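Please work through the following exercises with the model at hand. Each task is followed by a solution in steps.

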Amino acid sequence: MSNYPKAIGPYSVYKEANGFLFVSGQLPINPNSGEIESSDIKGQTRQALKNIGAILEENGINYDKVLKTTCFLSDIDDFAQFNEIYAEFFTSPYPARSAFAVKDLPKGAKVEIEIIAQKG
């Protein structure tokens with residue numbers, strides 16, 4: 001069993017190309033249970049970022065190699081709490097980032113995060 005959830009559709013969890021790692025959007029799914037276990041934005045953000053960390057680790061890199069994140073929130077009012085947890089995982093110089101409020105996310109999640117990282 002891996003330390004991150006498997007894809008829930010016809011896509012790859014991540015792909016490597018030209019020295020970059022492209023990670024598909026990670027939901028806050030616990031890889032052991034296959035479920036979203038936290039109901040609040042802080043817990044969900046933490047789990048999504050832990051899933052990303054497991055993918056980075058599998059590829060021999062860490063959060064410092066993340067160049068860009070794209071973050072999707074089901075409620076923009078969660079932005080401040082999301083940022084609080086996000087700052088626990090990334091340090092200066094921070095990756096470039098986009099954050100959007102979206103109507104809905106798969107499995108009723110409050111957050112989904114995708115990243116691009118440098119492998120070398």
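The structure is a predicted model, in which local features need pLDDT of at least 70, side-chain atom pairs count only at pLDDT 80 or more, and totals for chains, interfaces and linings use all residues. Residues are numbered from 1 along each chain as its sequence is written, and side-chain values use heavy atoms, with hydrogens and water left out.

**Exercise 1.** Determine how many salt bridges a search of the whole structure finds, and examine the partner of Lys42.

Step 1. A salt bridge requires a side-chain nitrogen of Lys or Arg within 4 Å of a carboxyl oxygen of Asp or Glu. Side chains of opposite charge can pair when their charged atoms come close.

Step 2. In one of them, Lys42 pairs with Glu84, with 3.0 Å between the closest N and O atoms. Because Lys42 belongs to helix H1 (residues 41-58) and Glu84 to helix H2, this pair ties together parts that are 42 residues apart in sequence. Helices are DSSP runs (H or I, at least four residues), strands likewise (E, at least two), numbered from the N terminus.

Step 3. Lys42 is partly exposed at 26% relative accessible area, and Glu84 is partly exposed at 43%. Here buried means under 20% relative accessible area, exposed over 50%, and partly exposed in between (1.4 Å probe, protein chains only).

**Exercise 2.** Which residue forms a salt bridge with Arg46?

Step 1. The partner is Glu88, and the closest N and O atoms are 3.0 Å apart. Arg46 lies in helix H1 and Glu88 in helix H2, so parts 42 residues apart in sequence are tied together by the pair.

Step 2. Arg46 has a relative accessible area of 27% and is partly exposed; Glu88, at 48%, is partly exposed.

**Exercise 3.** Are Lys103 and Asp104 buried or exposed?

Step 1. The side chains of Lys103 and Asp104 meet in a salt bridge at 3.2 Å, N to O.

Step 2. Lys103 is exposed at 72% relative accessible area, and Asp104 is exposed at 57%.

**Exercise 4.** Locate Ala80 and state its accessibility.

Step 1. Ala80 is found in helix H2, which spans residues 79-89.

Step 2. With a relative accessible area of 58%, Ala80 is exposed.

Step 3. Ile113 is 33 residues from Ala80 along the chain, and their C-alpha atoms are separated by 16 Å.

**Exercise 5.** Where does Phe22 lie?

Step 1. Phe22 lies in strand E2 (residues 20-26).

Step 2. Phe22 counts as partly exposed, at 38% relative accessibility.
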